[in-house]
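We'll go through it piece by piece.

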Amino acid sequence: MRQQIAAANWKMNLTLDQATHLLDEILKAPHDLQAHQKVVFAVPFPYLLLAQDKISGKLNFFTAAQNCYTKSSGAYTGETSAEMLQSIGVEYVVLGHSERREYFGESNAMLEEKAGMALTYGLTPIFCCGEALQVRESGAQNDYVEKQLKESLFNLSEEQIQKMVIAYEPIWAIGTGKTATAAQAQEMHAHLRNVLARQYGDTVAGEVPILYGGSVKGSNAKELFAQPDVDGGLVGGASLIAADFGQIIDALK
Ligand code: PGA
């Protein structure tokens, strides 16, 4: 059965005390999760070990880094390698978030390297794609997102692509309160699955979780996650509010 994931993307938010409190609040609530349902906390690097500690012994809970570098080690001041993340027990890494593409110049080619590096060290990349408003308004969103996938992921083997998680995050919906409708999300997710199927076949494409991101809230998660090709969400703002994120976890189908 395809995995369902509620992933919290904290971005560059919270102090240590606030992070501790938020994790405690979320984790103390009972969640009736099945084996294929997972919760992932993509926290800032300084809180990864804390989050690892808090989720230890909890079967459906995992941590993610928000980035990693293209090289495995060396003189790259300020960067963090996939091997380092693996060595502290992190399982996931968010790659290619639109904020990293826009503010830090991450290209499809660079993300291809990062995805390869993450997979080499046993991390599951949560690979983000998504179009800006003007692309959506021109009607070119399907081609745009297809190109992001092709240029970053299509050199991966069948075995590797099955280890990926994809997150479709339309930039116009991120942090704007303007969520894609459930129908818009489903349409794009079905397109992405077709793109994967053309390259890797239906069986492989059917295994890859595709998350929706962009103003997911407790109040709209259920409708979004009910779509056949929407396998959960990558959640920014609402993941910083324990009650909201709790509702999002409970919306996994
Ligand atoms: P948002 O962010 O939920 O605040 O829109 C989502 C994201 O950027 O991953």
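**A walk through the model**

Let's begin at a pocket: the lining of the second largest pocket splits into 7 nonpolar, 10 polar and 3 charged residues (Ala, Val, Leu, Ile, Met, Phe, Trp, Tyr, Cys and Pro count as nonpolar, Asp, Glu, Lys and Arg as charged, and the others, Gly among them, as polar). About 250 Å³ of space lies in this second largest pocket. Of the 20 residues lining it, Lys11, Gly175, Gly236, Gly237 and Ala238 are the closest to its centre. A pocket here is worked out on a 1 Å grid over the protein atoms alone, as an open set of points where a 1.4 Å probe fits, with protein on both sides within 12 Å along at least five of seven lines; lining residues have an atom within 4 Å of a point. Grid points are joined across faces, edges and corners, and the volume is the space filled by probe spheres set on the points.

Before going on, some ground rules. This is a predicted model, in which local features need pLDDT of at least 70 and side-chain atom pairs count only at pLDDT 80 or more, while totals for chains, interfaces and linings use all residues. Residues are numbered from 1 along each chain as its sequence is written, and side-chain values use heavy atoms, with hydrogens and water left out.

Now the largest pocket, with about 390 Å³ of space. It is lined by 13 residues, and Lys11, Met12, Gln66, Arg100 and Phe104 lie nearest its centre. Helix H4 (residues 98-103) gives the largest share of that lining, 3 residues. By type, the lining has 6 nonpolar, 4 polar and 3 charged residues. Helices (H or I, at least four residues) and strands (E, at least two) are DSSP runs, numbered from the N terminus.

Lys11 is worth a stop. Lys11 sits in the loop between strand S1 (4-9) and helix H1 (16-28), and its phi is positive, about 55°, although it is not a glycine. Ser215 also has a positive phi without being a glycine, of about 60°. For context, most residues other than glycine have a negative phi. You'll find Ser215 in the loop between strand S7 (210-213) and helix H11 (221-225). Ser215 counts as buried because its relative accessibility is 14%, and buried means under 20% relative accessible area (exposed is over 50%, partly exposed in between, with a 1.4 Å probe and protein chains only).

What holds the picture together on screen? Look for a closed barrel of 8 strands, running S1-S2-S3-S4-S5-S6-S7-S8 with parallel pairing. From one strand to the next, the twist averages 25°. Two strands pair if DSSP finds at least two bridges between them. S1 and S2, for example, pair in the parallel sense over 6 bridges, with Asn9 opposite Ala42 in S2. Strand S3 (residues 61-65) and strand S4 (residues 92-95) are also parallel, over 2 bridges, and Ala65 has Val93 of S4 as its bridge partner.

Why is S2 largely enclosed by the rest of the structure? Because 6 of its 6 residues are buried. Gln37, Val39 and Phe41 point one way from S2, and Lys38, Val40 and Ala42 point the other way.

On to the helices. Helix H5 (residues 108-120) lies across S4 and strand S5 (124-129), and runs at about 180° to S4. Helix H7 (residues 141-153) packs on the sheet too, touching S5 and strand S6 (165-168), with its direction at about 145° to that of S5. These axes are lines fitted to C-alpha atoms, for helices over the stretch in contact, and angles run from 0 to 180 degrees between N-to-C directions. Contact means heavy atoms within 4.5 Å.

Helix H2 (residues 48-55) has Leu48, Leu50, Ala51, Gln52 and Ile55 as its buried residues, and they pack against H1, strand S2 (37-42), S3 and helix H3 (82-87). After H2 comes Gly57, with a positive phi near 85°.

Last, Leu196 in helix H9 (residues 182-200). Leu196 is buried, with a relative accessible area of 1%. Not counting residues up to four places away in sequence, Leu196 touches Leu149, Phe154, Ile161, Ile166, Gly201, Ala205 and Val208.
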